[in-house]
Structure formats: C-alpha cells, structure tokens
Amino acid sequence: MRFTQLDDWLRWMETQHPRSIDLGLERVALVAQQLEIALDMPVITVAGTNGKGSCVALLSSILGAQGYRVGAFTSPHLNHYHERIVVADNSVDDDSLCRAFAAVDNARGETSLTYFEFGTLAALLIFQQQAVDVAILEVGLGGRLDAVNIIDADVAIVSSIAIDHEAWLGSDREAIGREKAGIFRSDRPAIIGDGAPPASLLHYGSQLGAELVCRGDDFNITDSSGGWHWQGRAVNGEQVCYRDLPYPPLLVDNAATVLQALQYVGLPVSESAIRQGLTAVIIVGRCQHRQYRGIELVLDVAHNPASVQILRDHLNAKPIAGRTECLFAVMADKAIAEIITILKPCFDHWSLAPLLGNERAAQVVTLENLLQAQQIIDVSVATSFAEGVDGALARLSAGDRLVVFGSFFTVAAAMTVFADPVGIETTVMGESKL
C-alpha cells in the first residue's frame with residue numbers, strides 16, 4: 001500500500017494526471033477490467049444539470065426504508081471525502097477507502113487516472129466487495145464520457161438539462177442533452193425528468209433503442225389537498241398511482257422522476273417505504289435551513305441559472321417579514337451576470353467574500369463590478385469568508401434571513417464557519433412544493 005492515511009492518498013491522487021478533468025472511458029475501463037469489476041446488483045445511473053444529488057438522495061432514502069443495502073456514489077463532497085461513497089447510509093471508513101485506492105493503484109500499472117476516476121473505481125470496487133443490494137451512481141460531468149459510464153446501468157435517469165459546463169459539454173441544451181444521453185443503453189429504461197427535453201436527447205435514445213419514459217407523457221404529478229398525487233407507468237405498461245403523498249424537503253419534480261425509476265429497478269418497494277423515504281430524505285446544501293439567534297440561514301449550492309431560479313422560487317414561496325441578505329461566492333466559469341439578474345429582486349444586501357486558495361473562484365472585485373453593472377449598490381466586501389459571515393450576521397436581527405449560495409465550495413466554507421455550535425439552534429430542510 002502506497003499510503004496508510006486517507007489525506008495522503010487524496011493529496012497524491014490530485015497530482016497523478018496532467019489535467020483535473022479528462023473525459024473519456026478508455027483508461028478507466030482498462031483499469032476496471034484489471035480490477036475485475038462486475039457489478040451483479042441493479043445499477044441506477046443519474047445524470048442531469050441539476051437535481052442529480054436530490055435524485056440520488058431520494059432513491060437512497062426510499063430503497064433504504066424498504067430495507068435494502070444501498071451503495072451511493074456522489075460528487076463533489078462538501079466537507080469530507082467520505083460523503084462521496086456511502087453504503088447503507090454510512091460513509092465508508094478511512095481504512096476501506098485506503099484499501100480501495102491501493103487496489104486501484106496496483107491495477108492501473110502505467111495508466112494515468114484523474115482524481116475523479118480514482119474515486120469512481122474505488123466506489124465500484126467497494127460496492128462489489130460489500131455486495132450491496134443496489135448501486136446508485138451519480139454522473140460527475142456530462143454522461144457519455146464520464147467515468148461512471150463504464151457501467152451499463154439497468155436504469156438511467158436524466159433529471160434535467162440546462163446550460164452549465166459549456167467548455168466541456170457544449171453551449172446549448174441540444175449539445176448538452178446529447179452528452180447526458182450517453183448513459184442510455186439499448187433495451188433498457190431511460191427515465192427523463194426534464195419536462196421539455198431537448199430533441200437530441202430523445203433522438204439519441206430512440207435511435208439507440210432505449211425505452212424512453214418521459215415526464216408529462218408517461219408520468220406526472222398533481223397537487224392535492226392532502227399532499228400530491230403521482231401517476232406513472234409500470235414495467236408491463238400498466239398505470240400506477242400513489243395518492244396524497246407527503247411533500248419531500250426537496251424539489252418534488254425530482255421525487256416524481258425517482259418514483260418512475262423505481263418501477264424499473266426490479267426490486268419490490270412498498271408504498272409505506274415510499275412515504276417514509278420521502279419524509280426522511282436529507283440532502284445537505286440544497287435549500288437547507290438553519291436558525292441562528294432568530295436569524296434564518298439558508299444554504300444552497302446553486303451555481304447556474306437553472307438552479308438559482310429554483311432557489312429564487314423557494315425564497316419567494318417562503319417570504320419573511322424582515323430583511324433578506326445574501327453571502328455570494330461562485331466559480332469564475334459560471335454565468336455570473338445571469339445569476340445576479342435572476343436573484344437581484346430577492347436580496348436587500350449582497351455580501352461578497354473570497355474563497356481563499358480556490359483558483360477556480362471568481363475574484364471578489366469581478367463580482368463587485370458585475371453587481372455595479374446592474375445598479376446593485378448595497379454591497380459589502382469581506383477579506384475572508386468568516387469575516388463575511390460575521391459581518392452579515394452582525395447586520396441582521398431576529399426575523400431576518402441570510403442566504404449563502406454560489407457553489408459547493410461556498411456552502412462548505414459556510415458550514416465550516418457554522419461548525420461552532422454556539423447559537424445554531426436547529427437544522428431543518430425547507431419543504432419545497434415547486
């Protein structure tokens with residue numbers, strides 16, 4: 001074993017490939033073959049611009065409520081690498097990760113792997129060794145050339161298609177949709193949660209011979225006085241209905257997509273498990289609510305126009321009597337001006353703080369100039385993230401709200417500041433019916 005400590009492995013892995021992202025399946029598939037990875041449990045692969053993490057969390061919660069041992073691989077993590085690989089609701093321990101990384105390292109020979117590819121192979125190996133009942137794999141970027149796509153999923157999910165990662169996936173929904181469709185397989189179900197999917201997605205799936213199951217045509221939701229109704233399609237084509245379901249603390253559109261996917265996994269799931277899973281699901285950093293001395297804190301990793309629109313709708317659906325401020329930090333390659341335009345009506349004051357040591361982050365002066373270009377003048381600039389949090393909380397009083405958003409790194413920085421339990425009262429997830 002090259003290292004015995006997880007941090008040593010992670011630092012070393014970051015240096016093992018000339019590029020942090022190198023899309024393609026040849027290298028990772030070769031190493032998987034050397035590892036003799038062959039998953040013999042149902043596999044669900046989840047792609048999409050937004051909603052991937054929510055779909056994985058909902059699938060894990062419902063299948064776990066039924067009693068299945070679920071293996072879930074997600075990325076990125078907020079605070080600890082362990083968050084990426086979870087078995088039966090428990091993050092994999094350091095020793096298991098180190099052993100898996102050592103096995104990948106031994107199997108790769110002279111083949112160069114990226115940090116993400118190392119992690120993907122480690123997750124697949126762990127799921128195989130621990131014989132999970134079902135494996136859920138979140139696509140890291142795109143779909144067609146993402147490392148998880150070396151596995152032929154039994155069920156493929158595309159949650160949504162929007163503009164993001166243009167440098168890698170293309171500049172419009174048609175190009176991006178084609179990349180996401182790369183996870184589809186012939187004669188296997190492809191669950192499409194986007195209500196208006198690009199033609200490229202549908203065309204590729206149809207040409208491939210995948211069984212396309214689309215929101216609006218094959219499954220849908222309606223509100224009810226006692227919750228919401230879901231109507232979808234069973235494997236045999238018959239109609240399936242669940243009535244008066246409890247709203248999850250996540251976007252209900254994603255819950256609808258997950259319920260349709262569950263019809264095709266091949267594992268029995270009771271309605272009681274569905275209800276339990278919908279109410280018990282937790283996903284950190286998505287419209288996550290906390291309280292600090294009467295001030296409402298909202299943490300959201302939203303970082304592209306589609307996701308910040310969801311954040312805006314969420315805030316509008318939960319108005320408060322007091323002031324609402326934001327603490328904003330974002331990556332430089334995002335559509336920052338459009339993000340600001342969408343959320344401009346939501347905030348009485350904008351706070352900007354640097355993500356120190358993050359080379360991808362937009363500079364504070366850049367954000368300040370973009371805010372000024374939209375005539376936003378109620379702006380504070382901090383020299384550190386902790387200073388930004390302290391300054392915002394000092395301006396706010398009980399009944400006010402602080403929204404921290406812009407990236408996984410932003411929410412992770414906030415959670416580090418909020419790790420001191422003094423003053424933090426409760427952590428709840430904000431119910432969303434949007």
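This short talk goes through the cysteines and the salt bridges of the model.

The model is a predicted one, in which local features need pLDDT of at least 70, side-chain atom pairs count only at pLDDT 80 or more, and totals for chains, interfaces and linings use all residues. Residues are numbered from 1 along each chain as its sequence is written, and side-chain values use heavy atoms, with hydrogens and water left out.

Let me begin with the cysteines. Taking a disulfide as a pair of cysteine sulfur atoms within 2.5 Å, the count is zero. For Cys287, the closest cysteine sulfur belongs to Cys346 and is 11 Å away, too far for a bond. Cys287 is buried, at 10% relative accessible area, where buried means under 20%, exposed over 50% and partly exposed in between, with a 1.4 Å probe and protein chains only.

Now the salt bridges, each a side-chain nitrogen of Lys or Arg within 4 Å of a carboxyl oxygen of Asp or Glu, of which there are 14. One of them joins Asp105 to Arg2, with the closest N and O atoms 2.8 Å apart. Asp105 sits in helix α4 (residues 94–108) and Arg2 in the segment before α1 (6–13), so this pair links distant parts of the chain, 103 residues apart; helices here are DSSP runs of H or I, at least four residues, and strands are runs of E, at least two, numbered from the N terminus. Asp105 is buried at 9% relative accessibility, whereas Arg2 is partly exposed at 46%. Together with Arg108, these two residues, Arg2 and Asp105, are linked in a network of salt bridges.
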